[in-house]
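Colleague: Could you take me through this model before I open it myself? I'd like to begin with the overall picture and then go into some details.

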Amino acid sequence: MTIALSQFNEVRLDNVSRDFGALNALRNVNLTIRRREFIALLGPSGCGKSTTLNCIAGLLPVTGGAIWLDKSRVDTLKPEERGFGMVFQNYALFPHMNLRQNIGFGLKMRGKTKAEIDRKVDEALRLVRLQGQEHKLPGQLSGGQQQRVAIARAIVIEPPLVLMDEPLSNLDAKLRLEMRAEIRRIHNELGATTIYVTHDQDEALSLADRIVVLRDGVVRQVGTPKELYEAPAHLDVADFMGFRNKLKGSVVSHDNGRAVVDVEGAKISGVAREKLAVGAVAFAAIRSDDLVAGEPGPNALAVTVDTIEYRGREFVGTARSRGGLDFVFRSHVAVEPGAAVHLRAADERVLVFAEPA
Amino acid sequence: MHQTVAPSIIQGPSLRQRLAARGFDAVTLLVVPAAVFSLCLFVYPFAFGLILSFEPKSGGWLSNYVRFFSDSFLYDTIGKTLWLAVPVTLLNLVLAVPIAFRVRLMRHQRLLTTILVLPITLGTVLVAEGLLNYLGPQGWFNRTLMTFGLISQPLKLVHNYWGVFASLVITGFPFTFLLTLSYVTGIDPALEQAAATLGASAWQRFRHVYLPLLMPGFAITFCLSFVQAFSVFPSAVLLGAPAGPTRVISIAAYQAAFEEYDYSMASAIAMIMGFVQLAIVVAVLASRGLFYRGPASGAKG
């Protein structure tokens, strides 16, 4: 393997802030990324994930805090002095250079010899499986191929850190899945420490070793995909992790990690994920997979079916309660739109959150 | 035995459909006014002038051209005009590029653009009047320099080459700048950021990313600015030495037409003027072929 990535132990974001005038795009972000880790920054648009990436790359100066690469401070360096590889959302390939020139650009800027550039570019072309295309211009390539060139160009300079800004958002659904596997394969082969920005939780869950969920410039939760998926710490994180049913109610009781919420008169019990005060507003969050149509009983709510879709193995429906709450649920039997059914979820599948600040 | 004509049902598409397939339909007629306009205002006067230039007052059909190229008082005007137009155009371009790179990042671009458009709207005569007062021997410029003791004699800045030069820079710069700015802002900023993350210094980013992508735009800008400067007339008369170093080709044409009343000779000079411009423009535009000319953004979008 000719592409050998620079050695270091960790990248540390220490109270990093970024203001745009009065707007705090990032507020005191603390994060440590270990070598060979694949980190996904996940959040809705405007949450500060791209700002974080641009601050690390040096494209945006930070307005507070510091960024460290082991013991050396990098946030005061210009982007060209940091040497982090970046994959842009629109790829930003140089339109006037062929693939070989595009991929070799970073090496050329570093004053490498022609022989070394050729050898490394060949290796990068092999890694992204674009051999034989090297004399094409970017405009002659498909979106997926351009994406591969962008990745090759970023990793061929052997950066300590690879930054990817929503790299798959310009591709169609099928290609996105292919490139996702491709990014995973390249990461496994090179072990490049990667920070990957996305708003797609599937991408984050399938690619990342750890996920950082951001909201309004604040880190909401950091954890492995399994931790985030099974135990989101806040309602907005749960929302990102597929908890599509969020039932607003008031806390009836809270003890021993269990909480009971009164939702439109029905008592819904579940696992308390945050500190709850009895009588306060709380949300019972349930995945649509865990909400099943059936008979009345404990932990069940009466609803009227709106729509029902056939999904092969089962049905997925939407419904509305008398109080106007919307539900997404699954069902093993066909229920007619307009039918009155009861939706229920097992206690351990219901997470109870306080109202977000 | 009788054969009937082929039944109409197997006939191909109608004439109208076939014409439409080749791009001729009713919409094509909308070109007519523009065609008439250019025919009357460009093609006819040009053809008229060309023919007129071959009908001299005396001598053979080429005698106007022979006279022009045998009289140094006439053929020198080509060199004198180029000696003004080429440096002025290059200077404007060289000034416009760094300023455009800076202005691209500014927030109050519109205010600056307005200030820059003013010299265009004022016209060359007003600018020339202003410069006569400002740069003249008793003008503010010389008086300020003398007050500070930087010079003892007023600098001769008008009624010579530099007066015309200054006027052409002032009136030509905004035009060059605005064109340059539009080319510079047309390049995806992500390309520069990508180059930066790949280790390219500011100069390398300009040299390897911006410059190759901007060259075709610079060529167009050069041509348009050059043609403007080449046809200089009022400032060459008002601010220059119209009998000496700034006797530009349009002065020669003017004198032939309105001092000698030799319209045929004036037409010949105008034709020569046109062909010099054409030669430069064609040479510059042809050089664009050496550069990449596709879209200047990274992706198909």
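This is a predicted model: local features need pLDDT of at least 70, side-chain atom pairs count only at pLDDT 80 or more; totals for chains, interfaces and linings use all residues.

Colleague: Fine. How many helices and strands are there in chain A?

Modeller: Chain A has nine helices and 20 strands, and its C-alpha atoms fill a box of roughly 75 × 45 × 35 Å along the principal axes. Of the 357 residues in chain A, 44% are buried. Among contacts in chain A with a separation of 6 or more, 67% are between residues 24 or more positions apart.

Colleague: And which residues of chain A does UniProt list as a domain?

Modeller: An unreviewed UniProt entry lists residues 11–241 of chain A as "domain: ABC transporter". Over that stretch the chain is 38% helix and 26% strand, with the end C-alpha atoms 26 Å apart.

Colleague: Switching to the contact between the chains, how many residues does each one give?

Modeller: Chain A contributes 27 residues and chain B contributes 23 residues. On the side of chain A, the elements giving two or more residues are α2 (79–82), β6 (85–87), α3 (99–109) and α5 (143–155). The residues on that side of chain A divide into 15 nonpolar, nine polar and three charged.

Colleague: Now chain B: how do α4 and α10 cross?

Modeller: In chain B, the axes of α4 (residues 72–103) and α10 (residues 202–230) come within 9 Å and cross at roughly 140°, and the two helices are therefore oblique to each other. α4(B) passes α10(B) in a right-handed crossing.

Colleague: Which residues make that contact?

Modeller: From α4(B) they are Thr81(B), Leu84(B), Ala85(B), Val88(B), Thr89(B), Asn92(B) and Leu93(B), while α10(B) supplies Phe218(B), Thr221(B), Phe222(B), Ser225(B), Phe226(B), Ala229(B) and Phe230(B). The residues of this contact divide into nine nonpolar, five polar and no charged.

Colleague: One last residue, then. Is Phe175(B) buried or exposed, and why?

Modeller: Phe175(B), which lies in helix α8 (residues 161–185) of chain B, is buried because 20 other C-beta atoms lie within 10 Å.

Colleague: What is Phe175(B) in contact with, leaving aside its neighbours within four places in sequence?

Modeller: With those neighbours set aside, Phe175(B) is in contact with Ile120(B), Ser225(B) and Gln228(B). Phe175(B) and Gln228(B) are 53 residues apart in sequence, and their C-alpha atoms are 9.7 Å apart in space. Ser225(B) also belongs to the residues of α10(B) that make the contact with α4(B).

Notes:
Residues are numbered from 1 along each chain as its sequence is written. Chains are lettered from A and ligands numbered from 1 in the order in which they are written. Axes are lines fitted to C-alpha atoms, for helices over the stretch in contact, and angles run from 0 to 180 degrees between N-to-C directions. Helices (H or I, at least four residues) and strands (E, at least two) are DSSP runs, numbered from the N terminus. Angles under 35 degrees count as roughly parallel, over 145 as roughly antiparallel, 65 to 115 as roughly perpendicular and the rest as oblique. A crossing is left-handed if the near helix is turned anticlockwise from the far one by less than a right angle, and right-handed if clockwise. Two residues are in contact if their C-beta atoms, placed from the backbone, lie within 7 Å. Ala, Val, Leu, Ile, Met, Phe, Trp, Tyr, Cys and Pro count as nonpolar, Asp, Glu, Lys and Arg as charged, and the others, Gly among them, as polar. UniProt positions are given in the numbering used here, feature names are shortened, and annotations may be inferred rather than shown by experiment. A residue is buried if 20 or more other C-beta atoms lie within 10 Å of its own, exposed if 12 or fewer, and partly exposed in between; C-beta atoms are placed from the backbone.
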